Amino acid sequence: MRIILLGAPGAGKGTQAQFLMNKYGIPQISTGDMLRAAIKEGTELGLEAKKVMDAGQLVSDDLIIGLVKERISKADCENGFLLDGFPRTIPQADAMKENGVAVDYCLEFDVPDEVIVNRMSGRRVHPSSGRVYHLVYNPPKVEGKDNETGDDLVIRPDDEVETVRKRLGVYHEQTQPLVAYYKAEADAGNTKFATIDGTQDVDAVSAELANILG
Ligand code: AP5
């Protein structure tokens, strides 16, 4: 099963990726997490990506396409994968198609901008696992600690209100056109497309996804 999770920053892609990974046993490929890992390791790629990410802009298509190509060639992707944060531009989607990577489902999370700005202020993350929490809507069992490891949770540097608004602008300009792109792919019988109301609570969104995917 190959799935694309499409939606604005903070729409809930990472949260639901954890649910889908556990339910279907396929790996989550989060380009954001991969870039943050590179930043932490201090690699050349990380240094280049950090400036762009802190500014709320997108990393270059060539760089991201190379990263994803390498990742999906790994053995754990043989039975499928979950793309979280990729593709994010038309050239990225075209690159997948040109490389013969077919997609079974494209799932769009629909959440208004103002709900997102509110959500991001309460987000806390566990960087090494990708687990995501919210102070109010999805709190950890122990305040400030990851449920499974007990590690400290952190605030992402790009979650400042001003940066979130910039990221939303970039989403509407460069990523939202992919909704029409994948609807057209679905009409041509190349994939299945569904829009999910991402303003429902976390469990209701998970239930809707399970219903769509079976
Ligand atoms: P990335 O890490 O992919 O960030 P994003 O797409 O902006 O998405 P987020 O991780 O911010 O949000 P999410 O939808 O996963 O929401 P979450 O589940 O955390 O990318 C970061 C940067 O990397 C980009 O800006 C760019 O620079 C670069 N990059 C990455 N991929 C790239 C690419 N392909 N091309 C170019 N550049 C790229 O939820 C958010 C909060 O809401 C959490 O606190 C959560 O607990 C809460 N929440 C979730 N669901 C609900 C719900 N139903 N109700 C209430 N609260 C909820």
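Q: Ala, Val, Leu, Ile, Met, Phe, Trp, Tyr, Cys and Pro count as nonpolar, Asp, Glu, Lys and Arg as charged, and the others, Gly among them, as polar. How is the lining of the largest cavity divided by class?
A: The model is predicted, with pLDDT of at least 70 needed for local features and 80 or more for side-chain atom pairs, while totals for chains, interfaces and linings use all residues. Residues are numbered from 1 along each chain, and side-chain values use heavy atoms, without hydrogens and water. The largest cavity (grid points, 1 Å apart, where a 1.4 Å probe fits but cannot get out; lining residues have an atom within 4 Å of a point) is lined by I65, V68, K69, I72, F86, Q92, A95, M96, N99 and V101. The division by class is 7 nonpolar, 2 polar and 1 charged residues.

Q: Which element provides the largest share of the lining of the largest cavity?
A: Two or more lining residues come from each of α4 (61-72) and α5 (90-98); helices are DSSP runs of H or I with at least four residues, and strands are E runs of at least two. The largest share, 4 residues, belongs to α4.

Q: Is R123 buried or exposed?
A: R123 lies in strand β5, which spans residues 123-126. Buried means under 20% relative accessible area and exposed over 50%. R123 has 12% relative accessibility, and therefore counts as buried.

Q: Why do the buried residues of α3 lie on the same side of the helix?
A: The buried residues in helix α3 (residues 44-54) include G46, A49 and M53. They are on the same side of α3 because the arc they cover around the axis is only 70°.

Q: Which exposed residues does the opposite face of α3 carry, turned away from the buried side?
A: The cover over the buried residues of α3 includes α2 (31-41) and α7 (161-175). The face turned away from that buried side carries the exposed residues E44, L47 and K51.

Notes
1 Å grid on protein atoms, 1.4 Å probe; cavity = no way out; pocket = protein on both sides within 12 Å on 5 of 7 lines; lining within 4 Å. Buried < 20%, exposed > 50% of the residue type's maximum accessible area, 1.4 Å probe, protein only. Arc of directions from axis to C-beta. Contact = heavy atoms within 4.5 Å.
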